[in-house]
Each structure stands twice: as C-alpha cells, then as structure tokens.
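The sequence and structure are shown first.

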Amino acid sequence: MSETKYLINSIKKDYKNKRYYTIFLDNGETFQVSNETLLKYDIKEKCEITNDIIKKAIDFDEQLVIKNKIIVLLSYRMRSKYELNKYFLSKGFNNENILLVIKELETRKYLSDLKFAKMYCKHLIKEKMMGEYLVSNKLLNRQIPKSLSETI
C-alpha cells in the first residue's frame, strides 16, 4: 500500500522568526519547520512529500527546539532529567521527543543525575543547613533514585 503524497505548492519565510518557514501543501494544509529541517529532509517547492516525512520533519524540528532550550537552561544551573522532562511536558512538547533529546544529551555528558544530585546536596547542606532526612526527601522529589542518594 502506497502512502499518500502531497505536492508542496510553496515555501514562505516566517516574518516573525527568520529561521522558520511555512510550507503550503496542495491539499490546503500548512506546517512550519526551521531551515535546518528543510535542508535535512530536502524539502523544496513543487516536490512531493509523504505524511511520514512530514511527521519526521516536525519531530526533528521539535527535538531541535527542545535541545536548544535545554542547553540554555543548563547554562544557568545543572538540572535533573526528571526536572527537564516535567518542564517540557508542561510546555506541551511530545514526551517521546523530550526523552530522545535527554538521552542524547546524557550520552554526550551534558546531563548527569549523579552530578546534579551531588551539587544539589552540597547546596542544601551548606547553604540551606538541611539535615540528612530533608536532603533525601528533596532528592526523592526530583526523582533521584534512593540508592544514588544514599551513596552521596
């Protein structure tokens, strides 16, 4: 069974955000992607595109947005994976895309729950003068495993 193909009527640059383009299909639908996505998926005017490519392009674009925002958030302070996941879910991003980006950043050593937990414990003990019980509760609230919090 062949997948439905659509013809791309036109591609227009977004006036508000110059990195984004609006793609107009022959069936009247539109979607927006960044210039990186246009290049990666070779999206051009008067070419055919399938639903599968559209979904992949939109997911790739969302992953780029998530990755860039996580890097900005990490530039302020370290964060746990749970904290980032919760934040982006509240902003309406797809959970699958969030988890993919978090996993990628973890393999590249940008994210580490162990490093976050050590930094957070040090802050709670030295600055907030909290005891062991309160510190372990705070770590549990951030979804840091009990085995990890006990070693710290």
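## Conventions

A residue is buried under 20% relative accessible area, exposed over 50%, and partly exposed in between, using a 1.4 Å probe and protein chains only. The model is predicted: local features need pLDDT of at least 70 and side-chain atom pairs pLDDT 80 or more, while totals for chains, interfaces and linings use all residues. Residues are numbered from 1 along each chain as its sequence is written, and side-chain values use heavy atoms, without hydrogens and water.

## Cysteines

Cys47 is partly exposed, at 29% relative accessible area, whereas Cys121 is buried, at 6%. With a disulfide defined as a pair of cysteine sulfur atoms within 2.5 Å, the count is zero.

## Confidence

The predictor's confidence in each residue, pLDDT, runs from 0 to 100. The chain averages 91, and 99% of the residues score at least 70. Elements are DSSP runs numbered from the N terminus: helices (H or I) of at least four residues and strands (E) of at least two.

## Largest pocket

A pocket is an open set of points on a 1 Å grid over the protein atoms alone, where a 1.4 Å probe fits, with protein on both sides within 12 Å along at least five of seven lines; lining residues have an atom within 4 Å of a point. The largest pocket holds about 230 Å³.

At least two lining residues come from each of α5 (113–126), α6 (132–141) and α7 (146–151), and α5 contributes the most, four. Cys121 belongs to this lining, as do Lys118, Glu132 and Ile152, among others.

How values were computed. Points joined across faces, edges and corners; volume = space filled by probe spheres on them.
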